[in-house]
Amino acid sequence: MLPLPHFDESSHEPIYRQLYAYIRGRILSGELAAGARIPPTRELAGQLGLNRATVASAYEMLESEGLIRGHVGRGSFVAAVAETAGIEWEERFTMVGASPRATAPAEAEISFTSARPAEDLFPINEFRQSCKEVIEGAEASAILQLGSPYGYAPLREWLLEQGRRQGLVRDTDDLLITSGCQQALDLLQRLLTQPGDSVLIEDPIYPGLRNVFARSDVRAAGVPVEADGIDVETLARRVEREKPRLLVVTPNFQNPTGATMPPAARAALLKVARDAGLIVVENDIYGDLRYEGAAIPPLKAMDESGDVIQIKSFSKLAFPGLRVGWVTGPRAVIARLAEWKQLSDLHSDQLSQAVLLRFAESGRLEAHRRRILETGAERLRAVIGACGRHLPPGTRFTRPQGGMNLWVRLPEPLDASELLGKARAAGVAYLPGRHFAVSRTDPGSLRLSFAGLPPDRIEAGLAALGRVFREELERALAAGIAGPAPAIV
Ligand SMILES: Cc1ncc(COP(=O)(O)O)c(C=O)c1O
């Protein structure tokens with residue numbers, strides 16, 4: 001039996017890391033021997049008065065280090081620890097603002113876990129052709145030389161021209177090429193916030209954004225996302241209360257919910273921001289993936305102040321492995337961002353940028369976009385139809401018009417984290433809602449990323465998930481269980 005730990009509430013170290021360090025210490029000291037049973041997350045959370053997600057995060061870290069092993073239906077056990085000598089690395093790592101460790105979701109036959117494009121749709125011959133044209137072209141030597149922190153000039157020009165045509169780029173704007181939206185978020189955090197500041201983000205949210213702020217000791221307060229995207233009335237109240245430095249918002253096909261803000265909500269958001277002098281960062285990474293319905297102007301185009309900063313990337317429409325994204329915003333902001341960019345990695349890889357430009361200028365990107373939109377539309381129809389057919393009565397799910405993700409809320413008492421083990425055993429994986437939580441926890445929620453799967457796999461995956469969820473629901477109802485079923489960790 002594990003003696004209960006005491007937590008230091010005043011510490012910078014988050015509770016889940018304190019819990020992780022506590023159990024780890026007991027294992028390494030031999031107090032918890034190999035084979036000892038670790039209490040299920042629900043039980044320990046109850047004993048410690050913690051949220052289950054906090055305990056689960058600590059267990060995930062222990063499991064990723066090989067210190068404990070989870071067995072479906074039986075709980076977790078201490079693994080045999082190899083003798084180590086030398087530096088205790090965990091003790092040397094900085095703890096200030098440490099963010100949850102990324103753990104790769106376990107493989108499953110049908111995986112709804114990843115919001116990335118389908119590899120089998122990559123137009124590989126057209127891509128090879130673009131590479132060949134760049135490498136054999138007159139610019140090859142210049143591309144191999146060190147370049148500008150702003151990015152490869154011909155691609156920047158192309159993107160600026162596109163932006164002007166779409167009414168996004170105005171005379172006072174400039175553009176910086178980054179290593180994807182992720183680096184854009186990281187640079188914006190460095191430039192615009194300091195430890196102790198407060199920022200507003202959507203709840204639930206893409207964890208890569210939440211963690212950028214967690215790492216830097218910036219308080220990220222969540223604003224709920226509903227069917228129509230971020231809730232602007234709550235946003236206005238949070239702006240009053242938190243006096244945030246900035247807001248990051250994803251108006252199109254938000255990750256993880258798939259929600260899109262209607263034009264009136266966008267206009268209302270811009271008004272709230274303008275009245276409060278709040279910086280708005282528009283993450284439009286999914287904006288090009290509209291499969292149905294009419295396009296809605298981005299915040300950057302609707303904004304009259306000229307202050308909205310927009311980030312985009314080629315990761316969702318084309319090739320995430322090339323790591324090419326960009327930031328468009330007021331010239332002064334871009335100039336300072338370029339300084340941070342230079343400090344971080346001098347500039348993004350020019351060969352990737354040049355190949356993407358060739359891919360775009362040759363018309364291959366447009367042909368690829370049309371194909372992606374066609375297949376995306378089929379997959380979206382398939383996932384919405386299959387959710388309706390297979391998920392148990394009482395389930396709610398979003399109906400996105402584009403993007404890669406759909407958000408499911410299972411009826412009570414189903415718990416998406418607990419059921420993941422059974423789903424995996426049935427050959428299907430998804431990400432439970434807790435991965436995306438800022439402050440609201442919703443145990444019944446989960447994300448289905450559908451863009452990487454053809455319709456027949458989507459159908460088979462949801463049929464299997466439906467069986468797991470229905471069976472569990474029937475079992476819980478028959479047993480008269482009011483709360484969630486025993487933990488599977
Ligand atoms: C909302 C959101 N922002 C940013 C990123 C990071 O994208 P990139 O590959 O452009 O760095 C992702 C990737 O999944 C995302 O979903």
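Which domains does the domain assignment of the protein chain give? The chain is divided into domain 1 (15-92), domain 2 (110-120 + 367-478) and domain 3 (124-362), with bounds that come from an automatic or database domain assignment. Please keep in mind that this is a predicted model, in which local features need pLDDT of at least 70 and side-chain atom pairs count only at pLDDT 80 or more, while totals for chains, interfaces and linings use all residues. Residues are numbered from 1 along each chain as its sequence is written.

Turning to overall form, the protein chain has 17 helices and 17 strands, these being DSSP runs numbered from the N terminus (helices H or I, at least four residues; strands E, at least two). Its radius of gyration, taken over C-alpha atoms, is 24 Å, close to the 23 Å from the globule rule for 489 residues, so the chain is as compact as a globular protein of that length; the rule is 2.2 Å times the number of residues to the power 0.38. Along its principal axes, the C-alpha trace spans about 65 × 50 × 50 Å.

As for the domains, the centres of domain 1 and domain 2, taken over C-alpha atoms, are 29 Å apart. Four residues of domain 1 are in contact with six residues of domain 2, contact requiring C-beta atoms, placed from the backbone, within 7 Å.

Finally, the axes of helix 5 (residues 124-136) and helix 14 (residues 350-361) come within 9 Å and cross at roughly 115°, where axes are lines fitted to C-alpha atoms over the stretch in contact and angles run from 0 to 180 degrees between N-to-C directions. Helix 5 contributes Phe-127, Ser-130, Cys-131, Glu-133 and Val-134 to this contact, and helix 14 contributes Ala-354, Val-355, Arg-358 and Phe-359.

Methods
Two residues are in contact if their C-beta atoms, placed from the backbone, lie within 7 Å.
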